[in-house]
Amino acid sequence: LTFTLARGLVIYPSNRAVANIRATNPLKSIPAYAASSGDSENGVRKTMMLASLMVALGCMLACAFGSPMVAVAGLLAYSVANGLGAFSVFSIGQTIAGPRCAGKWVGIQNGIAGLSGVIGPLVTGWSIDVTGNYRVAFLVAAGVVVIGMVCWGLVVRRVEPLDWGEL
């Protein structure tokens, strides 16, 4: 609501647009899932994750520096990017953990991911209080996306089960 008012958008049409976009999220994952199923899990799933993060980075920068209409377009495009990569997070985690540790791994992964729901609003509120606009909040989000790109691109070498005996 505050973002809508800060950008000078009308509340009701904006809310309806967001609701319609969110309702299509499962549909956006279907083509990405179909493309990533098969023998080349490592290449395709990592590629989907990195592609979704690249789109997300552009979207966060569009929201930070664009006009109100560019910001709305950035949020729409981010929704598509989210659909491209969201399903891979769990399938990659389960694959890396292997059948014996998948539940624990994904539980820890979800616990850490849930911290964004605590930290994100705090950072966003603080940055808006300090600057009076959303630019810094979107730039922080862009920074988190860059960290994600580095981790998925360089830290996660291959999407294959870890050999827990070597660790």
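This briefing goes through the nonpolar cores, a surface patch, an aromatic pair and a salt bridge in the structure above.

The model is predicted, with local features needing pLDDT of at least 70 and side-chain atom pairs counting only at pLDDT 80 or more, while totals for chains, interfaces and linings use all residues. Residues are numbered from 1 along each chain as its sequence is written, and side-chain values use heavy atoms, leaving out hydrogens and water.

**Nonpolar cores**

- The largest nonpolar core has nine residues, namely M49, L53, A56, I92, I96, V145, W152, V156 and V159; such a core is a set of buried Ala, Val, Leu, Ile, Met, Phe, Trp, Tyr and Cys residues joined through side-chain atoms within 4.5 Å, where buried means under 20% relative accessible area, exposed over 50% and partly exposed in between (1.4 Å probe, protein chains only).
- At least two residues of this core come from each of helix 4 (41–65), helix 5 (68–97) and helix 8 (135–155), and helix 4 gives the largest share, three residues; helices are DSSP runs (H or I, at least four residues) numbered from the N terminus.
- Leaving aside residues up to four places away in sequence, L53 touches V145, G148, M149 and W152, a contact being heavy atoms within 4.5 Å.
- A second, separate core has eight residues, including C59, A71, Y134 and A142.

**Aromatic pair**

- The structure holds one aromatic pair, formed by Y134 and F138, whose ring centres are 6.4 Å apart and whose planes lie at 40°, so the pair is tilted.
- Rings of Phe, Tyr and Trp (its six-membered ring) pair if their centres lie within 6.5 Å, and planes under 30 degrees apart count as stacked, over 60 as edge-to-face and the rest as tilted.
- Both Y134 and F138 are buried.

**Nonpolar surface patch**

- I108, I112, L115, V118, I119 and L122 make a nonpolar surface patch of about 620 Å²; patches are made of residues with over 30% relative accessible area and no salt bridge, with like charges joined within 9 Å and nonpolar side chains (Val, Leu, Ile, Met, Phe, Trp, Tyr) within 5 Å.
- Helix 6 (102–114) and helix 7 (116–131) each supply at least two residues of the patch, and helix 7, where V118 is found, gives the most, with three residues.

**Salt bridge**

- A search of the whole structure finds one salt bridge, which is defined as a side-chain nitrogen of Lys or Arg within 4 Å of a carboxyl oxygen of Asp or Glu.
- In this salt bridge the side chains of R158 and E160 meet (3.2 Å, N to O).
- R158 is partly exposed, with a relative accessible area of 47%, and E160 is also partly exposed, with a relative accessible area of 39%.

Methods
Areas by Shrake-Rupley, 256 points an atom, 1.4 Å probe, with all protein chains shown as cover.
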